Amino acid sequence: MTYRDRVLHLEQAPLAEIAARAGTPAYVYSSAGIEQNFRAYDAAFGSAPHSICYSVKANGNLSILRLLARAGSGFDIVSGGELYRVMKAGGDPARVVFSGVGKTAAEIDQALEAGIFVFNAESEPELALIDALAQRRGRKARVALRINPDVDAATHAYISTGRLAHKFGVDIGEAEAVYLRARELKNLSFEGVSCHIGSQLLDSAPLLSALDRLMLLIDRLRAHGFEIRHADLGGGVGIAYKPEDAAPDIAGFVKQVRERAAVRGLHILIEPGRSIAGNAGVLLTRVLYRKKTGDKEFVVVDAAMNDLIRPALYGAYHHILPVRQTEAPPLRADVVGPVCETGDFLARDREIPQVLPGDVLAILSAGAYGFAQSSNYNSRPRAAEILVEGSQWRIIRRRESYEDLIRGEE
Ligand code: LLP
């Protein structure tokens, strides 16, 4: 993203023109950015056996999935709906991993029918259900047990998943016994071991320590005769949300993973979402009003917590840039949306560039968990989504209409 002639461009596309023609709020993604981030993982693994399974939950737009499928990505899904999206986008079901703590029988059956690569199973009852459904279809289901390694991921409490107090996975202390008992389930084939300790990980140490625990478990399982082929690390590294922050070094992290995998001849699977889509997308929003209450200054914009819930839900920081550069001195304000909640803010007490009603702002780092977590709260139609390719851009999801809002209602 660069300013050219004082206008912010994503690749070679001027964001001011996109806002004017497509309207706001609008999510705008860079196809080159997404592809480059995918390639960073792929290149870091190099010749080491690996699969990159993009985590659909981060941004499941069909055009984004198609772009990644063409780049050679597999997919990490957590619902039947995500599997449906992957298949609609031309993704290969044989490169899909199905994660999640509450898969329904219908979803498991859908995945068996599609022929996905592997189920990351999270409990013994789930293993039993997968076994029963596989038997009904007369086939074997490939499974990996998701291990809860009991390590602290050092990230936001809501997206930290690797302690025993969290609902995810099977207690690492019990895992060996669970694999041994599950040997009785004749319609399962135990391909691997998986874990996911959390998202927005800025320090790779907890992830590597989880991986070390996984490796010891894999050694024990192999000693019992299990042919464990892969280790799945879960999501990718975190991203820099502030301009002054450095993004975690993907190559350095992957190198450490490669070393651990090589000595055991393991295939590594990784499910990055945020680090592929996050910094490749922005949310464009237009300033509606400026107002003051007491000492506080507010910039009221046309995007709200229904469009981007991360600030309201996690207190997340998203950097804000004006689409047109200005010389005027900055102001300190809360950037807030039209939704009727005090929690509806995009930035709080933030120094932002001088803006007037009608100006367009770019909310950065919004490509992952942005649109994907948007809703129709306050009966607000969901934003348009746009994909940039060089100087070209196209709408990849049209803005919702009022008709869309009431679809399915009586
Ligand atoms: N694999 C599994 C099993 C996951 O649960 C997740 C994310 C990922 C992979 C992808 O992780 P990533 O590479 O994106 O860190 N809504 C939150 C993030 C929730 C992440 C949930 N799981 C946010 O906006 O920060």
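Analyst: **Cysteines and some loop residues**

Cys-195 is buried, with 2% relative accessibility (under 20% relative accessible area; exposed is over 50% and partly exposed is in between, with a 1.4 Å probe and protein chains only). The model is predicted, so local features need pLDDT of at least 70 and side-chain atom pairs pLDDT 80 or more, while totals for chains, interfaces and linings use all residues. Residues are numbered from 1 along each chain as its sequence is written, and side-chain values use heavy atoms, without hydrogens and water.

Cys-53 is also buried, at 3%. Its sulfur lies 14 Å from the closest cysteine sulfur, that of Cys-195, which is too far for a bond. Cys-195 is in no disulfide (a pair of cysteine sulfur atoms within 2.5 Å), and the count of disulfides is zero.

Arg-380 is in the loop between β19 (360–363) and β20 (384–389), and at 15% it is buried. The side chain of Arg-380 makes a polar contact with that of Asn-306 at 2.6 Å (N or O atoms within 3.5 Å; within protein, one able to donate a hydrogen and the other to accept it, and sequence-adjacent residues count only if both atoms are side-chain atoms). Ser-365 is found in the loop between β19 and β20. Ser-365 is buried at 3%, and its phi is positive, near 55°.

Methods: Helices (H or I, at least four residues) and strands (E, at least two) are DSSP runs, numbered from the N terminus.
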